[in-house]
Amino acid sequence: MSGTGRIEYAGRRIDFEVHRTDRERLVITVEPDLTVRVAAPNERTMPEIEHRVRRRAGWIVRQIEDFERYLPKQPARRYVSGETHRYLGR
């Protein structure tokens with residue numbers, strides 16, 4: 001059973017995916033594509049999961065900000081004759 005959740009923290013909205021598993025502890029993961037995933041035990045209720053995510057919200061926001069620094073900063077492609085594009089980091 002899976003689902004999604006959302007909390008507000010310091011003016012930011014944190015959306016997260018919940019994956020229920022046969023595990024003992026709740027694990028929060030921030031992926032490089034800025035998604036937040038929560039692996040939770042089957043017996044945890046959604047309010048309990050939201051409470052744990054809210055407690056770790058400061059860490060989650062710091063991780064998201066850190067990953068945002070590495071996102072590509074290229075402008076949208078406009079295939080114009082004579083335009084150059086980066087290739088292999090050059």
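A residue counts as buried under 20% relative accessible area, as exposed over 50% and as partly exposed in between, with a 1.4 Å probe and protein chains only. The structure is a predicted model, where local features need pLDDT of at least 70 and side-chain atom pairs count only at pLDDT 80 or more, while totals for chains, interfaces and linings use all residues. Numbering starts from 1 along each chain as its sequence is written, and side-chain values use heavy atoms, with hydrogens and water left out.

Starting with the overall picture, the protein has 2 helices and 4 strands (DSSP runs numbered from the N terminus: H or I of at least four residues for helices, E of at least two for strands). From the N terminus on, the order is β-β-β-β-α-α. The radius of gyration, taken over C-alpha atoms, is set against a globule rule of 2.2 Å times the number of residues to the power 0.38. A compact globule of 90 residues would come out near 12 Å, but this protein has 18 Å. Its C-alpha trace spans about 60 × 30 × 20 Å along the principal axes, and buried residues make up 23% of the 90.

Now for the sheet. The 4 strands form an open, mixed sheet in the order β1-β2-β4-β3, with pairing taken to need at least two DSSP bridges between two strands. β1 (2-9) and β3 (27-30) stand at the edges with a single partner strand each, so one side of each has no neighbour in the sheet. On average, neighbouring strands are turned by 25° against each other, direction ignored; axes here are lines fitted to C-alpha atoms, for helices over the stretch in contact, and angles run from 0 to 180 degrees between N-to-C directions. β3 and β4 (residues 36-41) run antiparallel and are joined by 4 bridges, and V27 has A39 in β4 as its bridge partner.

Contact means heavy atoms within 4.5 Å, and beyond its neighbours within four places in sequence G5 is in contact with I14, D15, F16 and M46. By contrast, the C-alpha atoms of G5 and V80, 75 residues apart along the chain, are separated by 42 Å.

Helix α1 (residues 46-55) lies across β1, β2 (12-21), β3 and β4, at about 130° to β2. R52 belongs to this helix and is partly exposed, with 26% relative accessibility. Setting aside residues up to four places away in sequence, R52 touches L26, I28 and R44. R52 and L26 are 26 residues apart in sequence, with 8.4 Å between their C-alpha atoms.
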